[in-house]
6 protein chains.
Amino acid sequence: MLSARNQFAGTIQAVKLGQVMAEVIIKIAPKIEVVSLISRTSAENLKLKKGDKVTAIIKSTEVMVAKD
Amino acid sequence: MLSARNQFAGTIQAVKLGQVMAEVIIKIAPKIEVVSLISRTSAENLKLKKGDKVTAIIKSTEVMVAKD
Amino acid sequence: MLSARNQFAGTIQAVKLGQVMAEVIIKIAPKIEVVSLISRTSAENLKLKKGDKVTAIIKSTEVMVAKD
Amino acid sequence: MLSARNQFAGTIQAVKLGQVMAEVIIKIAPKIEVVSLISRTSAENLKLKKGDKVTAIIKSTEVMVAKD
Amino acid sequence: MLSARNQFAGTIQAVKLGQVMAEVIIKIAPKIEVVSLISRTSAENLKLKKGDKVTAIIKSTEVMVAKD
Amino acid sequence: MLSARNQFAGTIQAVKLGQVMAEVIIKIAPKIEVVSLISRTSAENLKLKKGDKVTAIIKSTEVMVAKD
């Protein structure tokens with residue numbers, strides 16, 4: 001069990017690999033996509049590819065709030 | 001327009017104030033809540049309270065991915 | 001209104017694009033430059049280029065303090 | 001020498017201590033203040049107090065960009 | 001399997017609870033302790049206490065490098 | 001003296017350079033390696049290379065805890 005309280009199950013829509021970094025787009029609800037930037041090595045270690053069932057995880061200290 | 005690509009509209013479910021920090025819980029979809037830890041001063045500046053329409057914002061470099 | 005309390009208006013000095021990431025340098029005062037690392041997609045979405053008036057935004061939990 | 005490229009010399013304007021966290025406000029230019037949230041223990045270890053000459057340090061991956 | 005590449009097994013040395021935040025100190029090697037600041041609710045959900053076997057997890061984008 | 005409480009002395013095992021980012025692997029104990037993702041410019045400014053004695057630095061708010 002992980003202390004990070006934001007854990008959203010979803011499906012990978014796209015993976016883009018750079019030399020050092022990788023971008024992963026995960027659909028977690030009908031109109032909600034989460035974008036993740038991780039190392040290319042992590043994306044390869046986890047063999048991330050379109051259609052994979054994954055969980056997006058975010059530490060609560062990283063979440064901001066905007067209000068009109 | 002903000003560079004952070006994760007911006008999720010929702011409604012505040014709860015606000016808890018400490019001396020320095022505040023915890024804000026935001027419902028962004030029927031079964032998806034986001035927890036945010038910000039300064040108490042920010043929570044007060046934005047007058048955050050239960051029922052407020054807000055947006056949770058997360059920089060993509062802060063999102064991890066887990067896969068079974 | 002955004003909860004992040006560090007918001008510094010400035011002018012873009014340089015944008016460098018990689019495959020996944022982009023580096024943006026923003027002058028916020030006569031001798032103060034802020035360096036930002038965001039996704040290339042964000043830099044393209046915002047059409048960031050030298051001379052643009054922008055705001056550098058930093059969540060307070062990300063700021064460290066050093067003292068001699 | 002530290003890899004973090006955002007290092008801004010300034011003077012502490014205020015320190016607020018909670019049980020676990022502390023908030024430090026640092027003036028880095030005539031109209032620019034930086035807010036930092038660190039542990040109370042760090043604030044005590046560094047003996048941070050109003051008037052101290054300090055440096056605010058921010059990793060570039062933590063800086064977002066907003067453009068109208 | 002989690003994308004975060006820094007995962008260090010250790011033993012909790014101390015837990016300090018504030019109103020919103022908690023500080024957890026974890027020994028990961030004979031002379032190496034890691035300090036973690038998480039929400040009090042997470043510390044309670046995981047029932048963290050001295051002596052617990054845990055893993056400290058850090059996303060690689062959060063690690064800086066200093067060199068003399 | 002820096003507020004970040006996680007400071008681990010070690011030796012660089014590998015440096016990988018991308019266009020914008022760089023990955024640095026640092027051994028801090030016999031079986032403990034830390035991975036750092038910083039800007040390529042920082043890696044070049046610090047002339048980071050295999051064998052360098054460096055310190056990995058992590059702000060405590062960035063450390064999560066997992067427990068079985």
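In this predicted model, 19 residue pairs are in polar contact across the interface of chain B and chain A, with both partners at pLDDT 80 or more. On the chain B side, strand 1 (6-17), strand 2 (21-29), strand 3 (32-39), strand 4 (53-58) and strand 5 each supply at least two residues of the surface that touches chain A. Strand 3 of chain B gives the most to that side, with 7 residues. Sorted by class, the side of chain B that touches chain A has 20 nonpolar, 5 polar and 9 charged residues.

Charged partners also meet here. The interface of chain B and chain A holds 4 salt bridges. A salt bridge joins E23(B) to R5(A), and their closest N and O atoms are 2.7 Å apart.

Turning to the extent of the interface, 34 residues from chain B and 34 residues from chain A take part in the contact. Between them, the two chains bury an area of about 3,100 Å², and carbon and sulfur atoms give 62% of this area. Three residues of chain B deserve a mention by name: R5(B), V65(B) and K67(B) supply 21% of the area that chain B buries against chain A, more than any other three residues.

Strand 5 (residues 64-66) of chain A and strand 4 of chain B run antiparallel and are joined by 3 bridges. Within this pairing, A66(A) has T55(B), in strand 4 of chain B, as its bridge partner.

K67(B) counts as buried because its relative accessible area is 16%, under the 20% cut-off. Leaving aside neighbours within four places in sequence, K67(B) is in contact with L46(A), K47(A), L48(A), K49(A), D52(A), K53(A) and V54(A) of chain A, and with M1(E) of chain E.

The side chain of K67(B) makes a polar contact of 2.8 Å with the side chain of D52(A). A polar atom of the K67(B) side chain also lies 2.9 Å from the backbone oxygen of L46(A).

Notes:
Residues are numbered from 1 along each chain as its sequence is written. Chains are lettered from A and ligands numbered from 1 in the order in which they are written. This is a predicted model: local features need pLDDT of at least 70, side-chain atom pairs count only at pLDDT 80 or more; totals for chains, interfaces and linings use all residues. Side-chain values use heavy atoms; hydrogens and water are left out. Buried means under 20% relative accessible area, exposed over 50%, partly exposed in between (1.4 Å probe, protein chains only). A polar contact is a pair of N or O atoms within 3.5 Å; within protein, one must be able to donate a hydrogen and the other to accept it, and residues adjacent in sequence count only if both atoms are side-chain atoms. Contact means heavy atoms within 4.5 Å. Buried area is the accessible area (1.4 Å probe) that two parts lose on being put together, summed over both. A salt bridge is a side-chain nitrogen of Lys or Arg within 4 Å of a carboxyl oxygen of Asp or Glu. Helices (H or I, at least four residues) and strands (E, at least two) are DSSP runs, numbered from the N terminus. Ala, Val, Leu, Ile, Met, Phe, Trp, Tyr, Cys and Pro count as nonpolar, Asp, Glu, Lys and Arg as charged, and the others, Gly among them, as polar. Two strands pair if DSSP finds at least two bridges between them.
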